Amino acid sequence: MRRFQHSADIGGERVPYSARVRRDRGKWMVVFRGPDGREVKALTTHDARGKTPPDALHADAPALLRAVYRPDSPAGPVAARPGWDELLDEVGRTSPHTRSETLRQYRAAVKAFREVLPEVASPLDVSEEQVRRFGRLWLAAPSRRGNGGGKRSPATLSYYLRGLSGFSNHLVDLGRLAKNLWKGVRAPKGERARKPAPTADDVRVFFEWARARYPDWASLHALLELKLVSGCRTADVCRLRTGQLSGGSLTFSPDVVKTKEARSLPLPARLAAALRAVAGPVHLWEGLFADIPKYRKASNGYPPAFSWRTVYHVVNNLFREYREAHPDRPGLSPHGLRRRAVTAAVRELGSADAAALALGLHAQTARAHYLDASQAFETDAAMRRVGERMLAEITEPERNQSRGKRRNSLKN
């Protein structure tokens, strides 16, 4: 019988275990014998970087053992409890007004959490210690982007933390959780380079390229122009319905606006007319969808009925092809047009709050992610005037005093 070097208390009972390395995964395992006498191997999240397991592995061991020996224990995973996927589905079913992008954020956040803490079988089993550890574990893992090995971004971690908190809020509302352990958890502040908004010249070059490439595709040009002036996310633009186009405006119901407040977007007359000309019976871009096979090739074909996701992918691919065709110019993405719209609105209205209200954004979000202040405000000229005025305040008294001395000398 194999000897085990360690043991863990699972609530009045000590269970022997050993720590071994799983070579194909590069991770430590906790190995022990289950109640039936068979050997159980539980993979941990701890990287194998030497011959000695980290102390954190022994801290995790009781929960891993308890899950096998006492699955109904309140201190461990409960067998009858719903898992992550089941509760994600429940939140989706019971939250009809939650935006689809928000639900995608919840799923992405849950995927990130389970990646680093796979032993947690349900969101109902997350402990305060695991909440504290998640961010450190996720940031410590190498990035999977590019060739791998890069550092993960605190900004991405912040996105996941907000998703886990939002998901937990729903579980509290459903009576599944007593409290939201993720509330107030923040990612560490890292080096963050704010992306500049595209300039007017950047946008002009892109639209000239698109018109030259597809001179007769009127619906595509209408979509791109609407994307530019609306400041909407690409998915929101692609899902527009013809009924939202009323007179010279687009109306947005609260369920599709992040601020949960209805808004109306006045359109330039030329663009409003172009949209009415290409609008489909139900969906605004049905005509564009029908024309895709005429202008674009697809190895796997296209759906037989209207799909806003297909339109979405065409738009994203178009921007990618533009970047490939213009390696010497600043990269331009669909989201770049959103930054351009926010920046232009702030410049015109003179207020980030007013611009955010007009575009259906939270003011804080507009400032933090979309506003390019260097383009929105002419700070250089203003600060030059401020400097001249301040210098005048300290030099004018000297000039007045010297003038007074000259007058007195003339009198004498």
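S246 stands opposite S249 in β6. L245 has L250 of β6 as its bridge partner. These residues belong to a predicted model, in which local features need pLDDT of at least 70, side-chain atom pairs count only at pLDDT 80 or more, and totals for chains, interfaces and linings use all residues. Residues are numbered from 1 along each chain as its sequence is written, and side-chain values use heavy atoms, with hydrogens and water left out. Strands (E, at least two residues) and helices (H or I, at least four) are DSSP runs, numbered from the N terminus. Two strands pair if DSSP finds at least two bridges between them.

β5 and β6 (residues 249-252) pair in the antiparallel sense over 2 bridges. They form a hairpin with 2 residues between the strands. In the turn, G247 has a positive phi of about 60 degrees. β6 also pairs with β7, again antiparallel, over 4 bridges. Here F252 has R263 of β7 as its bridge partner.

## The four-stranded sheet

An open sheet of 4 strands runs in the order β1-β2-β3-β4, with antiparallel pairing. β1 and β4 each have a single partner strand, so one side of each is left without a neighbour in the sheet. Direction ignored, neighbouring strands are turned by 35 degrees against each other on average. Helix α1 (residues 55-69) packs on this sheet and touches β1, β2, β3 and β4. Its direction makes about 45 degrees with that of β3. Contact means heavy atoms within 4.5 Å. Axes are lines fitted to C-alpha atoms, for helices over the stretch in contact, and angles run from 0 to 180 degrees between N-to-C directions.

The pairings can be followed strand by strand. β1 (residues 6-9) and β2 (residues 14-22) are joined by 4 bridges, and H6 has Y17 of β2 as its bridge partner. β2 and β3 are joined by 5 bridges. Along this pair, A19 is partnered by V30, and R22 stands opposite K27. β3 and β4 pair over 6 bridges, with F32 opposite V40. The hairpin of β3 and β4 has 5 residues between the strands. Within this hairpin, G37 takes a positive phi near 90 degrees.

## Helices against α5

The axes of α2 (residues 84-94) and α5 (residues 154-173) come within 10 Å and cross at roughly 75 degrees. That makes α2 roughly perpendicular to α5. The classes are these: under 35 degrees is roughly parallel, over 145 roughly antiparallel, 65 to 115 roughly perpendicular, and the rest oblique. W84, L87, L88 and V91 of α2 make the contact with F167, H170 and L171 of α5. This contact has 6 nonpolar, 1 polar and no charged residues. Ala, Val, Leu, Ile, Met, Phe, Trp, Tyr, Cys and Pro count as nonpolar, Asp, Glu, Lys and Arg as charged, and the others, Gly among them, as polar.

α3 also packs on α5, at an angle of about 110 degrees, with the axes 8 Å apart. The two helices are therefore roughly perpendicular to each other. On the α3 side are Q105, Y106, A108, A109, V110, A112 and F113. They meet Y159, Y160, R162, G163, L164, G166, F167 and H170 in α5. By class, the contact has 10 nonpolar, 4 polar and 1 charged residues.

## The second largest pocket

The second largest pocket holds about 570 Å³ of space. It has 23 lining residues. K27, T45, H46, D47 and A141 are the closest of them to its centre. A pocket is an open set of points on a 1 Å grid over the protein atoms alone, where a 1.4 Å probe fits, with protein on both sides within 12 Å along at least five of seven lines; lining residues have an atom within 4 Å of a point. Grid points are joined across faces, edges and corners, and the volume is the space filled by probe spheres set on the points.

β3 (27-33), β4 (39-47), α3 (100-116) and α4 (128-140) each supply at least two lining residues. The largest share, 5 residues, comes from β4. By class, the lining divides into 9 nonpolar, 6 polar and 8 charged residues.
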